[in-house]
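Visitor: I would like to learn how to read a few features of a protein model. Please take them one at a time.

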Amino acid sequence: MNGSKGSYAIAGAVSKYESDGKKIMERWSDRYQVQPMRADRIFGRAHLISSYLHAERAFRQERNRSSNLMTEALLFASFNRQISKAIELLGVNGQKEIALLIHPSIGDEELDIQLSSVGLVRDDTVIEITAEKLKEMELLGIRCDVKEAEKAVLQKIALSYIDI
């Protein structure tokens with residue numbers, strides 16, 4: 001199961017080599033928009049789901065800050081209003097563990113083909129909340145324990161929507 005929920009999909013992936021977010025986006029099929037993000041700064045599936053849903057709502061209500069749905073989702077995922085800062089915080093630049101937000105939804109078989117085409121292998125565990133990620137959460141302004149992490153992330157995303 002790839003985390004499909006209507007018009008989007010979520011996946012975690014790993015690479016043997018350092019990855020480049022721009023190359024992943026360039027090589028991905030034209031049928032999909034993909035937003036790769038640093039998995040070490042993604043705090044569970046709910047982080048990506050909420051970011052996507054808030055971005056979608058921002059577009060529906062014409063409150064979007066970017067011209068691209070995936071970039072808008074990146075802004076929400078980074079809890080940031082500036083695209084350059086969001087890319088600095090969550091952009092893939094040499095990481096081996098990647099979180100991917102994909103629009104529209106994609107089936108598991110097609111997802112595996114797309115991942116393979118960009119040198120990635122599916123591993124959804126890289127987007128789970130772990131104790132090791134708590135330091136990364138502090139860089140993004142969230143201080144809590146693992147039990148409270150999901151709630152804290154969702155609150156931070158909701159607050160960033162209010163700031164629009």
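Visitor: Is Ser 50 buried or exposed?

Guide: Two points about the source come before the answer. This is a predicted model, in which local features need pLDDT of at least 70, side-chain atom pairs count only at pLDDT 80 or more, and totals for chains, interfaces and linings use all residues. Residues are numbered from 1 along each chain as its sequence is written, and side-chain values use heavy atoms, with hydrogens and water left out. Buried means under 20% relative accessible area, exposed over 50%, and partly exposed in between, with a 1.4 Å probe and protein chains only. Ser 50 has a relative accessible area of 11%, so Ser 50 is buried.

Visitor: Where does Ser 50 sit, and which residues does Ser 50 touch?

Guide: Helices (H or I, at least four residues) and strands (E, at least two) are DSSP runs, numbered from the N terminus. Ser 50 belongs to helix α2. Contact means heavy atoms within 4.5 Å. Not counting residues up to four places away in sequence, Ser 50 touches Leu 154 and Ile 157.

Visitor: How do I read the sides of a helix, and which residues of α4 are buried?

Guide: An α-helix has 3.6 residues a turn, so residues three or four places apart point the same way. In α4 (residues 83–90), the buried residues are Ala 86, Leu 89 and Leu 90. Viewed along the axis of α4, these buried residues fall within an arc of 75°, so they line one face of the helix. The arc is that of the directions from the helix axis to the C-beta atoms. Ser 84 and Glu 88, on the other side of α4, are exposed.

Visitor: What do the buried residues of α4 pack against?

Guide: Their partners are β2 (33–38) and α3 (69–78). Lys 85 is also in helix α4, and its 32% relative accessibility makes Lys 85 partly exposed. Lys 85 and Leu 140 are 55 residues apart in sequence and 11 Å apart in space, C-alpha to C-alpha.

Visitor: Which residues touch the most other members of the largest nonpolar core?

Guide: A nonpolar core is a set of buried Ala, Val, Leu, Ile, Met, Phe, Trp, Tyr and Cys residues joined through side-chain atoms within 4.5 Å. The largest one has 33 residues, and Met 37 and Leu 101 touch the most other members. At least two residues of this core come from each of α2 (45–60), α3, α4, β3 (97–103), α6 (134–139) and α7 (146–162). The most come from α3, which gives seven residues. There is also a second, separate core of 16 residues, including Ala 13, Tyr 32, Leu 115 and Leu 120.

Visitor: How much space lies in the largest pocket?

Guide: The search uses a 1 Å grid over the protein atoms alone, and a pocket is an open set of points where a 1.4 Å probe fits, with protein on both sides within 12 Å along at least five of seven lines; lining residues have an atom within 4 Å of a point. Grid points are joined across faces, edges and corners, and a volume is the space filled by probe spheres set on the points. The largest pocket holds about 350 Å³. Its lining has 18 residues, and Gly 21, Lys 22, Met 25, Gln 35 and Ile 87 lie nearest its centre. Two or more lining residues come from each of α1, β2, α3 and α4, and β2 has the largest share, four residues.

Visitor: How many residues of that lining are nonpolar, polar and charged?

Guide: Ala, Val, Leu, Ile, Met, Phe, Trp, Tyr, Cys and Pro count as nonpolar, Asp, Glu, Lys and Arg as charged, and the others, Gly among them, as polar. The lining of the largest pocket has nine nonpolar, seven polar and two charged residues.

Visitor: Where are Glu 62 and Phe 79?

Guide: Glu 62 is in the loop between α2 and α3, and Phe 79 is in the loop between α3 and α4. Glu 62 is exposed, at 71% relative accessible area, whereas Phe 79 is buried, at 12%.
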